[in-house]
Amino acid sequence: MTALFFWFFAAIMLGFACAVVCNRNPVASALSLVISFAGLAALFVLLDAYFLGVIQVLVYAGAVMVLFLFIIMLLDLKAEERRKFNTSVIIGGLVVAAAFVAELCAVIEELPFGNRTFPVIHGNLQDVQNVGALLFSSYNLPFQVVGVLLLVATIGVVILSKRELK
Amino acid sequence: MDLTLDDYLLVSGLLFAIGFAGVLLRRNIIIIFMCLEMMLNAANLSLIAFSRYQAHDGMPNYNGQMLVFFIITVAAAEVAVGLAIIVALYRLRQTTHVEDISSLKF
């Protein structure tokens, strides 16, 4: 049953990821990416990472993609759709990506521990509690540093969006 | 048929390859940026798969999940700054097409 769900959500995720690359319209690409991220969140849940699955939907499929759509609408990118694709670029890109996939398959075949199944998890996993406890104990310093990073990013964005850069 | 670590690593690698191909193929800077996000998420998927695989005492290894949490946070900051740069660039050049922005090209 889990395997069925896994392949279903993996197919959704990869299919819509391909749609992101193939769509000419940036809005359609962004909406495909939302669905792809939702499929990825489902895979997180299948791996018992419930908190990160929720975060993935809230932060990525929600906040980040709304920001992307907002910018796409703001910039009015209709003129970009009529560009011709360069054939040599397409062939080169596909060859490099295919070489990457082939090498990856070879590496995965060689993995000494890859074909073992996952260990069993206790029935009621207190996922959010465990993540929170770790976040505020062992990872307290990185957590605060990330807070400072977000503050700096906010200030940077405000300065970048001013009308004149000085 | 039970799922193995291989399956998750393969799916994660395929997602990374699709994002990589998108960065190489597309010429619109916003699409390139979205494909970068896709590659970050492929890394997140393999991190969580390893975290689940390293489970002991009936609990996943949470260190991997912590790394994913921080990656998501940093990626959100990165998206905000990157899109602000794209807007500033558009204001300056009236384009989001990478071939029109070549002043750093040798």
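The model is predicted, so local features need pLDDT of at least 70 and side-chain atom pairs count only at pLDDT 80 or more, while totals for chains, interfaces and linings use all residues. Residues are numbered from 1 along each chain as its sequence is written, with chains lettered from A and ligands numbered from 1 in written order.

I start with helix H3 of chain A, residues 50-75. Helices here are DSSP runs (H or I, at least four residues), numbered from the N terminus. H3(A) bends by about 30 degrees at Met65(A); the bend is the angle between axes fitted to the seven residues ending there and the seven starting there. After H3(A) comes Asp76(A), with a positive phi near 55 degrees.

Its partner is H3 of chain B, residues 62-93. The two pack at about 5 degrees, axes 11 Å apart. Axes are lines fitted to C-alpha atoms over the stretch in contact, and angles run from 0 to 180 degrees between N-to-C directions. H3(A) and H3(B) are therefore roughly parallel, the word for angles under 35 degrees.

Now the chains. In all, 61 residues of chain B are in contact with 70 of chain A, contact being C-beta atoms, placed from the backbone, within 7 Å. On the chain B side, H3(B) gives the largest share, 21 residues. That side has 45 nonpolar, 10 polar and six charged residues. Nonpolar covers Ala, Val, Leu, Ile, Met, Phe, Trp, Tyr, Cys and Pro; charged covers Asp, Glu, Lys and Arg; the others, Gly among them, are polar.

How values were computed:
Parallel < 35°, antiparallel > 145°, perpendicular 65-115°, else oblique. Contact = placed C-beta atoms within 7 Å.
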